[in-house]
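Me: I would like to work through a protein model by question and answer. Please show me the sequence and structure.

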Amino acid sequence: MTVLSCLSVVLLFYIVCVRTVLSEKVPAPENVRVISLNMGLVLEWDPPQSTTTNTLFNYTAEMKGWDKYGPVCLSSSSLSCDFTNSVSIFGTYQLRVRAELHGEISDWVETKALAVDLITEISAPHVELRSRKGQTEVDITDPPMKKRNLRDVFSYISYLIRFWKKGETKKEELIREQNRVVLPRLEPLVNYCIEVEILYLNKSSQSSNITCLINTPSNEVESWLIAVVLLVSFLVVLVAVVLIFLAVWYGYRGFRIMFPDADLPEDLKKVFVTTVPVFNTFGHAGECTGEGALL
């Protein structure tokens with residue numbers, strides 16, 4: 001009888017405790033929040049603050065679009081529910097979640113109406129650098145979306161590109177719509193660092209990892225060097241022509257002194273008849289014509 005009495009007391013105590021727990025209203029989940037990254041949609045929450053320790057709750061999460069709520073995660077022990085496959089990129093939705101314990105349920109915790117394309121965050125783009133002939137090109141790849149492509153969701157996006165010399169704090173910024181951009185005004189053989197953000201809906205994505213690359217030397221000839229080479233070439237040709245002319249002229253004068261009676265071929269005479277007046281304008285006043293110019 002003593003054993004039976006003890007068992008009866010324990011059983012009665014257990015029944016009273018269970019009824020007390022069940023008679024209390026199940027607390028609702030806390031810190032309910034919406035997470036949207038790259039057009040995904042996830043609802044997260046914290047377990048309710050229960051007076052009973054080690055209480056394992058289940059949760060049901062639902063979504064309402066144009067009509068009424070429908071369950072997406074039903075009686076799950078997880079503290080999150082992924083709605084990504086149940087939404088479209090331009091729809092407006094409302095989410096809610098409740099806690100469940102021993103057949104009892106809590107009140108619903110609802111979110112405000114939300115549009116995925118307006119609340120979503122965009123992760124960092126992928127950035128690659130290439131340098132050739134003194135120019136560094138930035139190649140930007142958009143992050144993959146969970147719903148379609150980034151440019152299908154947002155009609156206008158651009159890229160904020162920051163670049164600076166490694167070790168310095170001063171940064172230059174560019175905003176471009178193209179995903180391939182050549183950085184301007186880079187010095188050769190200098191290490192530059194770059195980070196990129198995507199601009200959309202007056203917001204910006206997460207920043208890319210900082211990527212650094214040494215700019216290659218340029219093989220292009222400077223314009224001033226081209227001008228100097230042309231000028232030097234012209235002077236060399238001019239001096240060569242003058243020297244050749246003087247050599248021929250003084251050679252001819254020497255020949256006439258050594259052989260005064262020698263008669264030159266008619267073709268050679270014509271050459272000197274036409275060239276002597278030109279030389280004569282620099283050395284003597286007046287002009288010489290005919291055979292007298294040859295003496």
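Me: How many aromatic pairs does the structure hold?
Reply: This is a predicted model, where local features need pLDDT of at least 70, side-chain atom pairs count only at pLDDT 80 or more, and totals for chains, interfaces and linings use all residues. Residues are numbered from 1 along each chain as its sequence is written, and side-chain values use heavy atoms, with hydrogens and water left out. Rings of Phe, Tyr and Trp (its six-membered ring) pair if their centres lie within 6.5 Å; planes under 30 degrees apart count as stacked, over 60 as edge-to-face and the rest as tilted. The number of aromatic pairs here is two.

Me: How many residues apart in sequence are the parts that tryptophan 45 and tyrosine 59 tie together?
Reply: These rings form a tilted pair, 5.5 Å centre to centre with 55° between the planes. Strands (E, at least two residues) and helices (H or I, at least four) are DSSP runs, numbered from the N terminus. Tryptophan 45 lies in strand S2 and tyrosine 59 in strand S3, so the parts tied together are apart in sequence by 14 residues.

Me: Are phenylalanine 154 and tyrosine 200 buried or exposed?
Reply: Phenylalanine 154 and tyrosine 200 form a tilted pair, 5.0 Å centre to centre and 50° between the planes. Buried means under 20% relative accessible area, exposed over 50%, and partly exposed in between (1.4 Å probe, protein chains only). Both residues are buried.

Me: Which strand pairs with S12 over eight bridges?
Reply: Two strands pair if DSSP finds at least two bridges between them. S12 pairs with S13 (residues 172-176) in the antiparallel sense over five bridges. Isoleucine 161 stands opposite valine 196 in S15. The antiparallel partner over eight bridges is S15.

Me: Why is S12 largely enclosed by the rest of the structure?
Reply: Look at burial along the strand. S12 is largely enclosed because, of its eight residues, the number buried is seven.
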